[in-house]
Amino acid sequence: MEDHTKRERGDSIDYRIDEIIMTYPMRTATKEMIEKCPKCAICQYKIRKRQHVRKTCESCMYHRKCADDFLTRSRTCAICRKVLIKDS
């Protein structure tokens, strides 16, 4: 996957999106979290204990890399479709 920290300096839109993505909490998956959301809606692979995940909404959770990549292309949550990144 693309490393989002190595973008061209002139691309202010990408930097704004990266800053917004970082506002969504990154956590380490626990058994309780996995019971609520057992697989990543983006890649469809199981979320495993101690993996880094990103929560975008109360019950929506993805692998961190999947979420970061998805949110550079989409402005909504992949599960509930809540708008996460508003146009300015």
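In what sense do strand 1 and strand 2 pair, and over how many bridges? I looked this up before anything else. Strand 1 and strand 2 are antiparallel, and three bridges join them. I am working from a predicted model.

**Sheet**

I followed the bridges residue by residue. Thr 28 has His 52, in strand 2, as its bridge partner. I then took in the whole sheet. It is open, with three strands in the order 1-2-3 and antiparallel pairing. Strand 1 (26-28) and strand 3 sit at the edges, and each of them pairs on one side only. On average, neighbouring strands here are turned by 40 degrees against each other, direction ignored.

**Core**

Next I looked up the largest nonpolar core. I found 23 residues in it. Ile 47, Tyr 62 and Leu 84 have the most contacts inside this core. I listed the elements that give it two or more residues: helix 1 (12-21), helix 2 (31-36), strand 2 (52-57), strand 3 (60-63) and helix 3 (64-73). Helix 3 gives the most, with four residues.

**Arg 75**

Last, I went to the segment after helix 3, where Arg 75 lies. Is Arg 75 buried, partly exposed or exposed? I noted partly exposed, because its relative accessibility is 30%. I also checked Arg 75 against Lys 86, eleven residues apart along the chain. Their C-alpha atoms are separated by 7.1 Å.

Definitions and conventions
Residues are numbered from 1 along each chain as its sequence is written. This is a predicted model: local features need pLDDT of at least 70, side-chain atom pairs count only at pLDDT 80 or more; totals for chains, interfaces and linings use all residues. Side-chain values use heavy atoms; hydrogens and water are left out. A nonpolar core is a set of buried Ala, Val, Leu, Ile, Met, Phe, Trp, Tyr and Cys residues joined through side-chain atoms within 4.5 Å. Buried means under 20% relative accessible area, exposed over 50%, partly exposed in between (1.4 Å probe, protein chains only). Two strands pair if DSSP finds at least two bridges between them. Axes are lines fitted to C-alpha atoms, for helices over the stretch in contact, and angles run from 0 to 180 degrees between N-to-C directions.
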